[in-house]
Amino acid sequence: MAGFDYVIVGSGSAGSVLAGRLGEDSGVSILVIEAGGADRDPFISIPIGIGIMHQRRSHDWGYDTEPEPGLGGRSIEAMRGKVVGGSSTINHMSWVRGNRGDYDRWAGRGLAGWSYAEVLPYFRRAETWEEGASTYRGGDGPLHIRRGRTNDSLFDAFIEASRALGHPFNADHNGAAQEGIARAQNNILGGRRHSLADAYLRPALARGNVTLETGAQATRIIMEGTRATGIEYVKGGRTVEAHAARQVMLSGGVFNSPQLLMLSGIGPADALKAQGIAPLIDLPGVGRNLQDHIAVIVNGTRPVPGPFVGELRADRMTLSIIRAALFGSGPATVLPGGMHGYIKTEPGLSVPDIQLMFRGVSTAPHLWFPGIRKPQADSCGVRPVLLHPQSRGWLTLASSDPFDKVRIQQNFFAEPSDMETLRKGFHVCREILAHPAMDAYRGRELAPGAEVTGAAEIDAWMRATAITAHHPCATCAMGVGGDAVLDGEFRVRGAENLRVVDASAMPDLVSGNINACVVMMAEKASDQIRGRVPLPAAEV
C-alpha cells in the first residue's frame, strides 16, 4: 500500500483544480488516479478537432442512457471524458458561469457560503480573462479565457435579429449581468485548448509532490468503519491500494463518483443489497436527482455557403491543422460556433430558462475535394436549451462489478412543464431565423420543417430529435435535506475523511454550461479542505 496525504479519484476539471491548489503546500503528497490515458491526441489541443473526437467518441467512457420514455424509447449518448483532463479535454471549451441568481438560490436553500457574492471571488481566482481583471473578471488565474473569434457575417445578422425581437446584445455574459445575446467565451490559449489539466494539473506535477497514475480505474473506497482511508484501483490487471492520511476525494464525475460510493457500500441500502453489497452508510440520494440540459435545433438551408465550407476543403483543412498544431494559428484554432443567448420566456422569472446556441454551419459537416466529394449543403440554425428542467433522473449499479457501466435514466420530459418551456424556446428560435435581418442567410427550414406548426406536432418532433447538451449534474448533491449526499463543504454525510468534488455535487443546474461552475466549486473546496478562511465576499 502506497501512502499519501490526499488521494484524488479523477483528473478532470475538479480533480485537476484540487491537485493544483492542494499541491501548493509543498509538505503534502497527492496521488491522482485517472482511468483514462494521457491527453496526447493532437485533436485534443486543436480546437476544430472536437468534431472528429465527438464523431469517433474518442476519450469517452461510452455511456448511453437507458431507453428514455419521454423521447419515444430512444437511448441518448451521454459522453463523459475518460482521459487526463476529463471532460475539459473533450468539451466545447465554453466558459459560462451561469446566473448570479443560481448561486443565490443555492444559498437560499440553506447552503451557507454559496451566494453569488461569496462564489464570485473563486470564479475570479480561477481565470485570466484576455481583457484583464475587473470587479467581475480575473486577470491572473491559471485558466486562460478568450472571446470566440468566429469570422462570419451571419453572427452580426443573428445579433441584429435578436435585438429587434427584444433580446439585447451583452458584451460579457460572465460580467455584471448574464441575460442577452453574447459572443462565446472559450478556454483557449495560444490557439490551443487550455484544459484544466493544462492549467492546474501539469504545474502541480512539475512541483514534484503530485503523482498521476493513468490507466488506473478506482474500484473501491477503503473504509475503516465509516472512515475513508484510501482507494483500491486496478492498473494493468494488478490491484493496488493507495492510503490517504488526510482525505479521500472523489472527482470522477457525475456518473462515476456515485458508482464508486455505491460499490463501497455508501448509497441507497435496498439498491445495494439487491446487488449483493453490504450497506455501510444508507444515503438514499446517491445516484438520484440527476439533471441535465436537453436541446433541439431549429435549422434551415443557407443559400450562400458560409466561410467554414471553404475551410473544409481537404487540402486547406490539412494545412490548417498542421498550422494550428505547430504555431497555434489559423482557421483550425477557431470554433465555427461563436455566440450564445440567455433569455427568460416569462418576465417574472428570477433566472433565464432558455439558452440559445447559435450555429452557422451544417449539422453534418465533412471534408470535401473537387472531383472526389462535394461539399455539404450549408445550413444555419439556433438551438434552444432547457436550462432548469423539473424532470429528475437516476443512475444505479448494473452489478457489483466496478467495470460494468452504471445504468442511466435521464427521464427527459417526465414533467410536462419541461416540454412547454422548451417549446417556448423553440418559437423564439423560429422568430429570430424569420426576422428580415436574416433574409440573406435563410433558405428553407429543414428542422422541423415549415409544415410543423401545432403544439402537438412540435412536441412530437422534439421527442424524436432532442439530445443532451452534456451538462449532467447533482447525483451526489450538496444540500441540507434528507436526500442530500454532501454538506456545503463536500463532505459525505455519515462518513469521515471523504469528499465528493465534481459536477455530481451541484445541488441543481445553473443557467448555462457547467464547466466554469465545477472549476469554481473545486477552487472553493480546496480552501475548505485546507481549513482556510474563505475569500472575502464581493461587493456586487
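Visitor: Which residues lie nearest the centre of the second largest pocket?

Guide: Val351, Asp353, His388, Pro389 and Gln390 do. Keep in mind that this is a predicted model.

Visitor: How many residues line that pocket?

Guide: The lining of the second largest pocket has 20 residues. They divide into six nonpolar, seven polar and seven charged.

Visitor: Which helix gives the largest share of the lining?

Guide: Helix α12, residues 416-434, with three residues.

Visitor: And how much space lies in the second largest pocket?

Guide: About 360 Å³.

Visitor: How do you look for empty space at all? What shows where it is left?

Guide: You roll a probe the size of a water molecule over the atoms.

Visitor: New topic. How many salt bridges does the count come to?

Guide: The count is 36 salt bridges.

Visitor: Pick one. What does glutamate 24 form a salt bridge with?

Guide: Its partner is arginine 530. The closest N and O atoms of the pair are 3.5 Å apart. This pair links distant parts of the chain, 506 residues apart. Glutamate 24 sits in the loop between α1 (13-22) and β2 (30-33). Arginine 530 is in the segment after α14 (515-529).

Visitor: Are those two buried or exposed? Start with arginine 530.

Guide: Arginine 530 counts as buried because its relative accessibility is 16%, and the cut-off for buried is under 20%. Glutamate 24 has 38%, so it counts as partly exposed.

Visitor: Which arginine does aspartate 25 form a salt bridge with?

Guide: Arginine 530. Here too the closest N and O atoms are 3.5 Å apart. Aspartate 25 is in the loop between α1 and β2, 505 residues from its partner in the chain. At 26% relative accessibility, aspartate 25 counts as partly exposed.

Visitor: What about aspartate 156? Where is its partner?

Guide: Aspartate 156 forms a salt bridge with arginine 183, with the closest N and O atoms 3.3 Å apart. Arginine 183 lies in strand β5, residues 180-183. Aspartate 156 is in helix α6, residues 153-164. Aspartate 156 is partly exposed, at 47% relative accessible area.

Visitor: Back to bridges that share partners. Which residues do they join into one network?

Guide: Arg21, Glu24, Asp25, Arg125, Glu523, Asp527, Arg530 and Arg532.

Visitor: Let's switch to histidine 167. Where is its place?

Guide: Histidine 167 is in the loop between α6 and β5.

Visitor: Is histidine 167 buried or exposed?

Guide: Buried, with a relative accessible area of 14%.

Visitor: What is histidine 167 in contact with?

Guide: Leaving aside neighbours within four places in sequence, histidine 167 is in contact with Ser162, Ile181, Ile343 and Val428. Ile343 belongs to strand β17, residues 339-343.

Visitor: Why is β17 largely enclosed by the rest of the structure?

Guide: Because five of its five residues are buried. Both faces of β17 are covered. Met339, Gly341 and Ile343 are on one side, and His340 and Tyr342 are on the other.

Visitor: In what sense do β5 and β17 pair?

Guide: Antiparallel, over four bridges. One example is glycine 180, whose bridge partner in β17 is tyrosine 342.

Visitor: And how many bridges join β17 to β18?

Guide: Four, and these strands run antiparallel. Strand β18 covers residues 354-359. Methionine 357 in β18 stands opposite histidine 340.

Note on methods: Residues are numbered from 1 along each chain as its sequence is written. This is a predicted model: local features need pLDDT of at least 70, side-chain atom pairs count only at pLDDT 80 or more; totals for chains, interfaces and linings use all residues. Side-chain values use heavy atoms; hydrogens and water are left out. On a 1 Å grid over the protein atoms alone, a cavity is a set of points where a 1.4 Å probe fits but cannot get out, and a pocket is an open set with protein on both sides within 12 Å along at least five of seven lines; lining residues have an atom within 4 Å of a point. Grid points are joined across faces, edges and corners, and a volume is the space filled by probe spheres set on the points. Helices (H or I, at least four residues) and strands (E, at least two) are DSSP runs, numbered from the N terminus. Ala, Val, Leu, Ile, Met, Phe, Trp, Tyr, Cys and Pro count as nonpolar, Asp, Glu, Lys and Arg as charged, and the others, Gly among them, as polar. A salt bridge is a side-chain nitrogen of Lys or Arg within 4 Å of a carboxyl oxygen of Asp or Glu. Buried means under 20% relative accessible area, exposed over 50%, partly exposed in between (1.4 Å probe, protein chains only). Contact means heavy atoms within 4.5 Å. Two strands pair if DSSP finds at least two bridges between them.
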